[in-house]
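Please examine the sequence and the three-dimensional model shown below.

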Amino acid sequence: MKKSKFIALIILSAAFLITKTTQLINRNNNAEIVEEKLTQEEKNKTYDAIVTKVVDGDTIKIRFVGTIPEECSAEETIRLIGVNTPELNIHKKKEKEYYATEAADFTSKCLSGRSVKLRFDTVSSRRDKYKRLIAYVYHEDYLFNKILIEQGYGNYYPNFKFEDYYMNLFRGAEFYAKTNHKGKWS
């Protein structure tokens, strides 16, 4: 009797895992299609900028080059959407968090003085509570938000909703960093 219950439990668990995996694969396949459409539709809604300063791992200062988005200044502070790096706590009376220097140094090495493209999310608001612009930052056609997470310099940050495709992408990037012991996960 116990053996048959155990086997039934294993079969039910396997069926559940197969169903969930299939749903995840289908969701990711659909997300890729949506991403492709968004990229085509949103192509004219990316904005060129130069990174003038790196504040910390997930915050940069930029100067727009060419078109300045509505309700924006020529120079803005950008908070990378969907990623949270450890805090340097420069202006606070707290210790800097573990791996904060490494995250800030990585962002500085990759982006300081470089050309980037910014794209605003279609779901979340354009600014956070500190009045920083929230954006996806692309450098040389690479999504830097994802790179930060994938290399273990930051966490996936789901504290506010943004486009599902990117939420799934960033969640997967964090899983990759953890399982491959990247950066702060090493």
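Which residue just after α4 takes a positive phi? H181 does, at about 55 degrees. The model is predicted, so local features need pLDDT of at least 70 and side-chain atom pairs count only at pLDDT 80 or more, while totals for chains, interfaces and linings use all residues. Residues are numbered from 1 along each chain as its sequence is written, and side-chain values use heavy atoms, with hydrogens and water left out.

Helix α4 covers residues 164-179; helices (H or I, at least four residues) and strands (E, at least two) are DSSP runs, numbered from the N terminus. The expected span of a helix is 1.5 Å times one less than its number of residues. For the 16 residues of α4 this gives 22 Å, and the end C-alpha atoms are 22 Å apart, which agrees. Buried residues (under 20% relative accessible area, with exposed over 50% and partly exposed in between, for a 1.4 Å probe and protein chains only) in α4 include Y165, Y166, M167, N168 and F170. Further along the helix, A173, E174 and A177 are buried as well.

The structure holds eight salt bridges, each defined as a side-chain nitrogen of Lys or Arg within 4 Å of a carboxyl oxygen of Asp or Glu. In one of them, K117 pairs with D48, and the closest N and O atoms are 2.5 Å apart. Because K117 lies in strand β5 (residues 115-119) and D48 in strand β1, this pair ties together parts that are 69 residues apart in sequence. K117 is partly exposed, at a relative accessible area of 36%, and D48 is also partly exposed, at 34%.

A salt bridge also joins E163 to R119, at 2.9 Å from N to O. This pair links distant parts of the chain, with E163 in the loop between β8 (155-156) and α4, and R119 in strand β5, 44 residues apart. Both E163 and R119 are buried. D164 and K161 form a salt bridge at 2.5 Å, N to O; D164 is partly exposed at 48% relative accessibility, and K161 is partly exposed at 47%.

The largest pocket is lined by 23 residues, of which D56, T59, E87, K92 and R132 lie nearest its centre. Strands β1 (46-56), β2 (59-64) and β3 (75-80) each supply at least two residues of its lining, and the largest share, four residues, comes from β1. A pocket is an open set of points on a 1 Å grid over the protein atoms alone, where a 1.4 Å probe fits, with protein on both sides within 12 Å along at least five of seven lines; lining residues have an atom within 4 Å of a point.
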